[in-house]
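Me: I have a two-chain model open and want a quick tour. Can you walk me through it?

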Amino acid sequence: MIKKDKILTILLALAGLAGAIILYLYKDDLRPLRIKHIELVKLPANRLRFQVNVQTTRNCNTVLAYWKTGTKDTLYTKVSADGSNHKLFITATEGRTRYQFKVQAAVDGDVVESKTYPLVTQPIYQATPYFTLEQVDSALKPELKNKYFLTQILTEPGSMVIIDSKGEIVWYEPFKKGVKVSHWTKDKTILAIVGPEKIPSSGGDEIIEMGLDGKIITHLKKGKGDMDKLVHHEVRKDKDGNIYSLTFTQKIVDLSSVKGKQQDTVKGDGLVLFSKAGKKLWEWSVLDHLDPLADPEILKHKKDWVHGNAAFRLPDGNFLMSFRDLNQIWKIDFKTGKVLWKFGEKGDMRMAPAEYFHAQHYIHPVQDGNYMLLDNGDKTHISRAMIFKLDEAQKEAKALNIVTLPPEYYTTAKGSAALFGKKKDKVLFCLTDPRSFLITDMKGKILWRIQVGGDPYRLEEIDDFLYTKPTFK
Amino acid sequence: MKLNKNIILLAGSISIAALSCKNGLKEETYSVFDANTLTKPANGEQAVRGTYAGLKDNGGYGYYAGFLYWLYEYPGDVVTTTLTARQGVQLDQLTYDANNATINDVWTSIFRLVSRANESEEIIKNIDYVANGSSDALKRQHLGEVRFLRALAYYDATSLWGNVPLFIKPSSQYTEADENPPLTEQSKVEDAMIADLEYAEANLPETYAASEVARATSGAAKALLGRLYMRRLEWKKAADKLAEVMNKNYDLRTRAEGGVVSLFSRDNRSDNEFIFVLKSSSEVDAYTINSNSFGQNSTPWDYNRGWGNFPLNLSFYSIFDPADARRDLLTGKFRTIYGQIMAVPKQYGGEATAAGRDTILATFVYNLKYPHTGNYNYSGFNNVTILRYADVLLMRAEALNELNGPNQESVTLVNQIRSRAGLTEYTLASFGSKAALRDAIFDERNKEFFMEGRRRDDLIRWSREAGNSPTSLVKFKEKVVPTLKDPNTYSDAVNYALYPYPLNEIQSNTSLNQSLNDGRVRR
């Protein structure tokens with residue numbers, strides 16, 4: 001017994017030593033998780049975005065937690081997964097504010113935390129105009145928590161801008177050109193049309209998709225690859241992640257019968273669909289579906305006929321498209337290119353004349369298969385949000401909700417209106433001429449108002465701007 | 001088994017020790033990389049140079065490269081315009097309004113320079129020169145230079161508009177209210193200028209190495225401060241401050257050196273009569289970025305294919321004694337590029353008696369202070385005089401006369417200028433009154449400094465002295481009205497000492513409104 005014990009003891013001692021040697025040799029993988037170095041990077045190009053480089057002793061996941069000094073509301077960065085050299089991006093801060101931050105690292109149930117470091121943000125006066133909260137109804141405040149809004153500066157220099165519910169800018173990206181329209185995607189990215197001021201009709205020569213960390217994910221440029229036309233007014237992603245936009249198209253038409261040229265040029269609008277890689281998948285032109293000679297004033301209108309200003313690809317793959325000068329919304333069959341129906345004044349659907357809309361914007365589907373738009377109100381000089389139920393079989397359109405704004409909020413052009421709130425019982429407006437962002441109830445009572453120091457084009461609600469707290473165990 | 005447990009523990013602790021010895025003692029480290037922060041003295045030097053560049057505001061016609069002198073010279077009685085330059089004609093004929101593009105251009109240039117100075121001051125303040133192998137003296141010099149330039153910009157702003165927005169902080173300290181800055185009382189603006197200039201005179205070097213031409217010296221700060229005290233009619237302060245510039249590093253270019261005419265030669269751009277000038281580059285490519293427009297604009301087409309945008313009234317030629325060397329800086333008589341002789345008519349002191357086959361009677365004279373080589377050479381690289389020693393002497397002469405009446409030192413100072421020009425000297429006995437010596441000094445200034453941007457300031461100051469009132473325009477009116485095409489253009493309801501605020505500024509700055517221009521333009 002004793003002998004056996006001795007042998008066992010020696011064997012165990014040897015095993016222990018071997019273990020120590022193995023541990024020493026493979027220390028990088030097996031030694032305790034520790035944060036070696038943290039570097040805060042401040043770059044002049046953007047005063048609200050900060051890169052933090054983190055080195056750890058072992059491959060692990062890291063995240064950065066930050067909060068305004070003296071408060072408990074903690075924000076998080078996106079998690080950087082499985083590495084020992086991490087780049088974390090602080091993407092939601094206000095200018096001129098003191099923050100503190102710390103880094104957490106985790107692997108295999110082991111969690112370590114860095115010391116706390118300070119971060120002071122600078123003012124961002126140079127890139128954007130101001131957004132001033134003028135009014136907020138206290139009953140709305142719970143619903144505004146963690147709500148953010150995407151808008152854009154369309155003049156030069158332009159900007160993508162995200163504000164919080166108090167009008168504080170929390171994220172922006174400046175451009176030398178104007179940002180004509182922007183869209184928050186399901187992938188937590190911002191999609192925008194960028195172009196010089198001299199391109200009219202909210203048009204641009206670039207489509208840019210950018211992450212909150214400032215990385216450009218997709219960049220389409222006119223004249224490069226498959227993008228052969230300027231785009232305007234609208235850029236979105238469909239459910240497969242393809243990018244679609246409105247285009248300017250033109251066609252040579254014989255207008256001699258109305259005193260035009262035999263070979264006259266009529267300019268209209270089209271749709272284009274690009275894959276994520278920028279390959280053109282599909283395109284469509286209104287000039288293939290409308291007869292210019294049906295417009296008695298075609299010579300006057302030929303430079304910007306019908307003026308398309310919004311599009312939306314529906315889950316069935318077909319497109320909605322809004323034409324300002326026709327006061328109509330069309331549904332376009334993706335497979336055949338045929339116009340399935342025209343809805344609005346002089347369209348295919350029976351409508352009460354009081355429900356005609358004029359110079360409308362921002363057509364999009366809402367719940368129950370209904371459609372919503374902003375009626376700018378070119379005829380009445382009253383702007384309103386309208387939700388329609390369409391009976392395609394009976395060819396009938398009926399307004400379910402009309403939210404009418406006071407006359408001082410009339411906007412001749414541009415703008416947007418969308419449902420807002422958990423119960424979708426409020427409306428979020430962007431009104432360009434009065435330079436206002438509004439939230440109203442369904443009766444039009446103003447609950448929240450932000451005044452803008454510039455001309456906004458569109459406003460979108462973002463409810464997933466912040467990264468949620470990761471579960472590090 | 002007890003032993004076994006111990007051994008396992010031992011083995012385990014060896015393993016842990018093997019790791020912890022190596023790593024457990026190391027602290028987590030932290031660093032900040034901030035590309036917004038400029039930390040090296042070389043960055044301070046860049047900031048200073050960038051601020052100097054604001055003097056020409058992109059070159060060509062910008063600020064001191066051109067348009068500023070339109071505002072300073074056209075409204076006066078010497079320089080007039082050709083009919084083709086509408087913005088200039090408005091200034092010349094006193095028919096300008098808040099829409100005048102040149103007025104707007106100078107306003108924006110001035111505030112761009114102010115802004116550059118403010119940003120540079122902040123950058124320099126935050127750089128640790130000593131820890132980066134340089135010296136605190138250089139840091140103070142850099143601060144002195146940008147503060148001198150800021151004071152110069154505000155000198156122009158207050159000369160042209162009186163009350164103006166006062167910005168002496170960098171944009172990082174702007175509040176929302178600063179987006180629409182209100183006007184600050186001129187006296188408050190001048191307090192800030194005096195603080196800047198006193199800092200500059202205390203911290204700028206007296207001279208620079210030859211390679212560092214055109215940088216502001218302590219003498220430049222003193223001379224500008226003297227000019228400011230003159231404008232404020234503070235004679236004692238002015239006389240004392242100007243005396244500090246005298247007999248040190250500057251002197252008049254003597255007749256032996258070629259005199260006043262050679263002062264303006266392009267080969268003589270570093271003469272120590274120049275206290276502070278706008279320097280430009282002689283490289284052909286410098287046009288629009290590092291040139292000025294004076295050469296091309298000063299002479300007429302017939303002379304050397306210039307554009308003739310600064311014609312001088314013929315009557316100005318007639319005030320010169322033929323012996324006066326400064327008359328040679330005017331085109332009294334020359335052979336045109338087409339071969340004829342162009343000459344000033346006899347009744348204006350010239351040589352031409354009648355027009356003939358080969359003789360053209362000049363209708364204007366042109367200045368030769370900004371010679372250029374012709375052939376459409378746009379890149380004017382003449383010195384644009386901002387402060388020169390002759391001005392210091394004449395200002396001190398004037399201040400002493402205002403303080404004490406006719407006195408020997410004033411007369412001696414004026415005589416330095418006269419004898420350099422080849423004229424006989426005055427005696428104290430020639431002046432029976434303060435007004436008589438004052439008028440002689442302003443006549444001398446007129447002949448000495450034409451087309452150097454001084455005339456408007458001079459006419460206004462002369463008026464205030466002669467009219468014995470800080471708002472009098474008596475001399476301005478007396479001299480300018482006879483040069484107007486329609487004398488009825490002149491209105492006593494308009495204060496020509498103040499330009500209208502540019503409409504662009506009024507429309508974009510909510511703290512301003514149109515009524516601020518009441519009394520500044522004819523309604």
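Reply: Here is a short chat about confidence, cores and helix packing.

Me: What should I know before I start?

Reply: This is a predicted model, where local features need pLDDT of at least 70, side-chain atom pairs count only at pLDDT 80 or more, and totals for chains, interfaces and linings use all residues. Residues are numbered from 1 along each chain as its sequence is written, while chains are lettered from A and ligands numbered from 1 in the order in which they are written.

Me: What is the mean pLDDT of chain A?

Reply: The mean is 92, and 96% of the residues of chain A reach 70 or more. pLDDT is the predictor's confidence in each residue, from 0 to 100.

Me: Where in chain A is confidence lowest?

Reply: In helix H2 (residues 27-30) of chain A, with a mean of 58. Strand E15 (residues 206-211) of chain A is highest, at 98.

Me: Switching to chain B. How many helices and strands?

Reply: Chain B has 19 helices and eight strands. These are DSSP runs, numbered from the N terminus (helices are H or I, at least four residues; strands are E, at least two).

Me: What percentage of chain B counts as buried?

Reply: 46% of its 523 residues. Buried means 20 or more other C-beta atoms within 10 Å of the residue's own; exposed means 12 or fewer, and partly exposed is in between, with C-beta atoms placed from the backbone.

Me: Which residues have the most contacts inside the largest nonpolar core?

Reply: Among them are Leu71(B), Phe148(B) and Leu224(B), in a core of 123 residues. A nonpolar core is a set of buried Ala, Val, Leu, Ile, Met, Phe, Trp, Tyr and Cys residues joined through C-beta atoms within 7 Å. Helix H6 (residues 136-161) of chain B gives the largest share of this core, 12 residues.

Me: What does Leu224(B) touch?

Reply: Beyond its neighbours within four places in sequence, Leu224(B) contacts Ala151(B), Leu152(B), Tyr155(B), Leu197(B) and Leu387(B). Contact means C-beta atoms, placed from the backbone, within 7 Å.

Me: Now H5(B) and H6(B): what is their crossing angle?

Reply: Roughly 160 degrees, and the axes of helix H5 (residues 101-125) of chain B and H6(B) come within 9 Å. Axes are lines fitted to C-alpha atoms, for helices over the stretch in contact; angles run from 0 to 180 degrees between N-to-C directions.

Me: Why does that make H5(B) and H6(B) roughly antiparallel?

Reply: Because angles over 145 degrees count as roughly antiparallel (under 35 is roughly parallel, 65 to 115 roughly perpendicular, the rest oblique). So H5(B) and H6(B) are roughly antiparallel to each other.

Technical notes
Two residues are in contact if their C-beta atoms, placed from the backbone, lie within 7 Å.
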